[in-house]
Amino acid sequence: MRNITLDNITDAVIKSMDGDIPARNREIMQAALKHMHAFMKEVNLSYDEWLGAMEWMRRAGEISSEARNEFILISDILGVEVLADMLDKKPTHDETISTVLGPFYRENPPVLPKGASIIQKDFEGQETVRVSGTIYDTEGNPVPGVTMDVWEDAPNGLYEQQDPDQPDFNLRGRFETDENGQYEFVAIRPVPYPIPYDGAAGELLKYMGHHPWRPGHIHFMISKDGYKGLISQIYDSETEYLDNDSVFAVKEDLIGKLEKAPEGADTDLVMTFDFKIRSNALVDSVAAE
Ligand code: BEZ
Ligand code: FE
C-alpha cells in the first residue's frame with residue numbers, strides 16, 4: 001500500500017501479516033494493533049508524547065537486569081500481571097484463589113522442618129507469628145507431602161535480596177505438609193512496603209498519581225505432583241493498603257487474621273490459614289467438558 005492515511009494504517013499493518021505465521025500470533029497481533037491504533041486516535045497522541053513513551057521504555061530497559069525486570073513492575077501497576085493471572089488460573093473448583101508471584105521469589109530456599117522459623121535476623125519492634133494450617137484437596141481430604149515455599153519482606157520493608165544487611169535467604173523457607181496435610185512455620189508479621197519506584201515504574205506511578213505501596217503479606221508457592229500448582233499471598237487483615245494495593249493483587253479470600261498468641265506461646269501472634277488445591281485429574285475432567 002503506497003498511500004498510507006489515518007483511515008487505512010491499521011488495515012495496512014494487519015495485512016502485512018499475511019505470511020505463514022501461527023494463527024495465535026495473528027490473533028494476538030491483530031487485536032493488539034487494532035486497540036493500539038484506536039487508543040492513539042482516541043487520545044490524539046502527539047508526536048512528542050509518543051517519543052516520550054519511547055524514551056521511557058528505553059529507561060525501563062536500561063534499569064532492568066537479571067535481578068530486576070522493570071517491565072514486570074510496569075505491568076503490575078497497570079493491573080496487567082494480576083489480569084494475566086486471573087485469565088490463566090480461573091478457579092474451576094473450590095480451590096484457593098491465586099494471585100501475583102511478584103519479582104522477589106527465589107528458587108531453592110532453605111528446606112526447613114515443620115514448625116521451624118524463617119527468621120535469620122531480628123529487627124527491633126518485630127512481631128513474630130506462628131503460621132499454620134492444612135492443605136486440602138477440593139474434596140476436603142488433607143494432602144500430605146505438599147511442598148510449600150514461603151517468603152516475605154522484613155520489618156524494614158525490604159526483601160533480603162534488596163538489603164545487603166540481611167542474611168542470604170532471610171525470611172524464606174521450603175516446608176512440606178505432614179501426614180495430616182498440615183504445615184507450620186514461624187515468620188515475622190509482614191509490613192507494607194513500596195514496590196521499587198526509582199525507575200520507569202516509579203515515573204509511571206507519578207504520571208498516574210498513584211502510590212507504590214503494597215499491603216503486608218506473606219507469599220506462598222505450593223506444589224505437588226498430580227496437583228495444580230498454587231502461587232498466592234496471605235494478607236494481614238490489619239495491614240494498610242488492603243483497599244488500594246499498588247499492584248491490585250488483594251482478594252478477600254486471601255485475608256488472614258493474625259491473633260494474639262496464647263499465654264506461654266513462643267511467638268507474639270498466631271495465624272491459621274488453610275489452602276485447597278485441585279488435582280490434575282479434576283482439571284482434566286473440566287477441560288474435557
Ligand atoms: C510482591 O508482592 O512481592 C510484588 C508484587 C508485584 C510487584 C512488586 C512486588
Ligand atoms: Fe511481596
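How far is an oxygen atom of ligand 1 from an N or O atom in the side chain of tyrosine 159? The distance is 3.4 Å, a polar contact (a pair of N or O atoms within 3.5 Å; within protein, one must be able to donate a hydrogen and the other to accept it, and residues adjacent in sequence count only if both atoms are side-chain atoms).

## Basis of the model

This is a predicted model, in which local features need pLDDT of at least 70 and side-chain atom pairs count only at pLDDT 80 or more, while totals for chains, interfaces and linings use all residues. Residues are numbered from 1 along each chain as its sequence is written, chains are lettered from A and ligands numbered from 1 in the order in which they are written, and side-chain values use heavy atoms, without hydrogens and water.

## Ligand 1

Around ligand 1 there are 13 residues, of which Asp76, Tyr193, Arg214, His217 and His219 come nearest; a residue counts as near if one of its heavy atoms lies within 4 Å. Oxygen atoms of ligand 1 also lie 2.5 Å from a side-chain N or O atom of arginine 214 and 3.1 Å from one of histidine 219. Taken alone, ligand 1 exposes 260 Å², and the protein buries 100% of that (Shrake-Rupley method, 1.4 Å probe).

## Sheet

Strand β2 (residues 147-151) runs antiparallel to β3 and is joined to it by five bridges. Tryptophan 151 is placed opposite arginine 172 of β3.

## Salt bridges

The structure contains 20 salt bridges (a side-chain nitrogen of Lys or Arg within 4 Å of a carboxyl oxygen of Asp or Glu). In one of them, arginine 59 pairs with glutamate 203, with the closest N and O atoms 2.7 Å apart. Arginine 59 belongs to helix α3 (residues 47-63) and glutamate 203 to helix α6 (residues 200-208), so this pair ties together parts 144 residues apart in sequence; helices are DSSP runs of H or I with at least four residues.

Methods:
Pairing = 2+ DSSP bridges. Helix = DSSP H or I, 4+ residues; strand = E, 2+ residues; numbered from the N terminus.
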